[in-house]
Amino acid sequence: MAPEHPFRERVRRFAHLARGELADMDLVLSWLLRWMVRASILILLFGLVVVAFTGFQFPHRTVGFNRLITEVVELRRAAILDLGIIVLISVPLTRVAVSLVLFARRRDKAYAVMTGLVLAILSAGLLLGITL
Amino acid sequence: MTLDFPVFLTLLFVGAFSAGFAGSLLGLGGGVFLIPFLTLPPMNVEVHTAIGASIVAVVATSTSAASHYVGEHLTNLRLAMFLEVATTLGAVSGALVAALLGVQELAIAFAAALAYAAAYMGLRREETARERADATVGASGEAPSRLRLAGVYVDPEDGATYRYRVRRPALGFGVSSFAGMVSGLLGIGGGIIKVPAMNTAMKVPMKVAVATSNFMIGVTAAASAFIYYGRGYVDPTISTIVVLGVFGGATLGSQALARVSSRTLRLAFVPVLLAVAVLMVLRGLGIIAAGA
């Protein structure tokens with residue numbers, strides 16, 4: 001294994017010392033955000049390749065929340081771009097959901113409630129997006 | 001003037017890449033340059049569609065930056081969660097209001113945001129080590145607040161450890177809800193409002209303010225992105241090209257950042273931002289018409 005960058009190593013050791021449990025929460029969230037964004041970028045690139053191989057028919061209307069799942073299963077090219085966009089804008093939603101679990105596991109009641117509130121507001125935005 | 005579609009897509013990618021690159025070099029985020037580029041001739045993208053594409057790109061770039069900062073323990077997670085209640089509420093209401101507004105109102109509101117961004121860049125200074133140390137004075141000997149927002153970080157510049165307290169949480173909460181609303185309304189991240197508010201009003205060290213703001217922007221932008229998607233304002237093709245362009249440009253910009261003098265660069269961009277603000281006013285007044 002490659003030796004860790006000395007600065008990062010210091011940060012990590014120090015953060016564990018000073019803030020205890022929140023330091024490993026940092027690392028979990030960092031990992032989650034990085035890989036989910038990468039995944040959505042890959043889906044978008046794949047979607048463009050599919051569009052290119054199927055005669056450059058560029059979609060201009062979204063599939064919509066209601067039909068997204070069925071169209072993805074049918075591998076419709078428009079749906080792949082939509083899927084990448086939905087995965088991308090769901091990354092923060094997932095991050096908040098994971099934070100809720102992490103705060104709850106530390107019995108940090110005040111912050112678990114606050115995180116739950118943010119999750120509720122995000123879900124309201126999602127529901128408004130579906131119904132409007 | 002209408003562009004051929006392949007020409008349009010090529011220009012779209014190049015423009016989005018440049019907007020992401022410039023935004024990350026200047027610390028403005030991609031949206032500030034992206035929306036004028038998309039809505040002004042020759043691109044002439046409808047304003048709501050431009051905001052929809054921009055808000056999705058903002059999720060990508062801010063989340064990517066946030067994953068870096070949070071891994072370096074610069075982000076104050078409690079402060080972020082606390083202020084996110086305000087920014088997400090603001091963003092949802094902003095996105096709902098945007099649907100009611102016409103192209104003119106949105107273009108002129110965006111011009112105001114650009115003028116503000118120009119002032120922000122002209123006045124912003126680098127934080128000195130002295131100021132970092134001053135911010136930590138009085139960190140001990142006070143009763144811990146109920147919000148437990150106080151934090152500690154290792155500065156990447158001087159390697160020293162700084163403990164800080166967070167002042168005036170109520171004021172920060174109010175400013176953050178406004179920042180969220182601007183974000184939902186105009187499709188920008190809103191960091192140019194939150195970072196100075198956290199740094200000057202709440203006395204949060206600059207690097208922590210930038211990291212925490214970036215962390216919040218993803219959630220704020222996602223709250224309104226769902227509404228823009230549901231409303232049909234997210235054009236899959238335009239948004240995909242814009243996301244890939246801005247993301248690529250911002251990634252390159254963050255690597256170039258270490259090698260340029262940011263102060264000179266920021267001052268050089270002040271007149272550019274003001275000129276774009278004037279163009280957006282002209283667009284709003286219909287003097288520059290779309291599709292002409």
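Select strand S1 of chain B, residues 151–154; strands here are DSSP runs (E) of at least two residues and helices are runs (H or I) of at least four, numbered from the N terminus. B:Gly151 and B:Tyr153 point to one side of this strand, while B:Val152 and B:Val154 point the other way. Each of these residues is buried, that is, under 20% relative accessible area with a 1.4 Å probe and protein chains only, where exposed means over 50% and partly exposed lies in between.

This is a predicted model, in which local features need pLDDT of at least 70 and side-chain atom pairs count only at pLDDT 80 or more, while totals for chains, interfaces and linings use all residues. Residues are numbered from 1 along each chain as its sequence is written, chains are lettered from A and ligands numbered from 1 in the order in which they are written, and side-chain values use heavy atoms, with hydrogens and water left out.

Which residue of S2(B) is the bridge partner of B:Tyr153? The partner is B:Tyr162. Between the two strands of this hairpin lie six residues, and B:Gly159 takes a positive phi near 70 degrees.

Now turn to chain A. The chain has five helices and zero strands, and of its 132 residues 44% count as buried. Among its contacts (heavy atoms within 4.5 Å) with a separation of 6 or more, 54% join residues 24 or more positions apart.

Show both chains together to view the interface. Chain A contributes 59 residues to the contact and chain B contributes 55 residues. The size of an interface is often given as the accessible area lost when the parts come together. Here the two chains bury about 5300 Å² between them, with 74% of it on carbon and sulfur atoms; this is the accessible area (1.4 Å probe) lost on being put together, summed over both parts.

Finally, select A:Asp108 and B:Arg78, whose side chains meet in a salt bridge at 3.2 Å, N to O. The rule, a side-chain nitrogen of Lys or Arg within 4 Å of a carboxyl oxygen of Asp or Glu, finds three salt bridges across the interface. Helices H1 (6–19), H2 (21–53), H3 (65–73), H4 (77–105) and H5 (109–131) of chain A each supply at least two residues of the side that touches chain B. H2(A) gives the most to that side, with 14 residues.

Key. Pairing = 2+ DSSP bridges.
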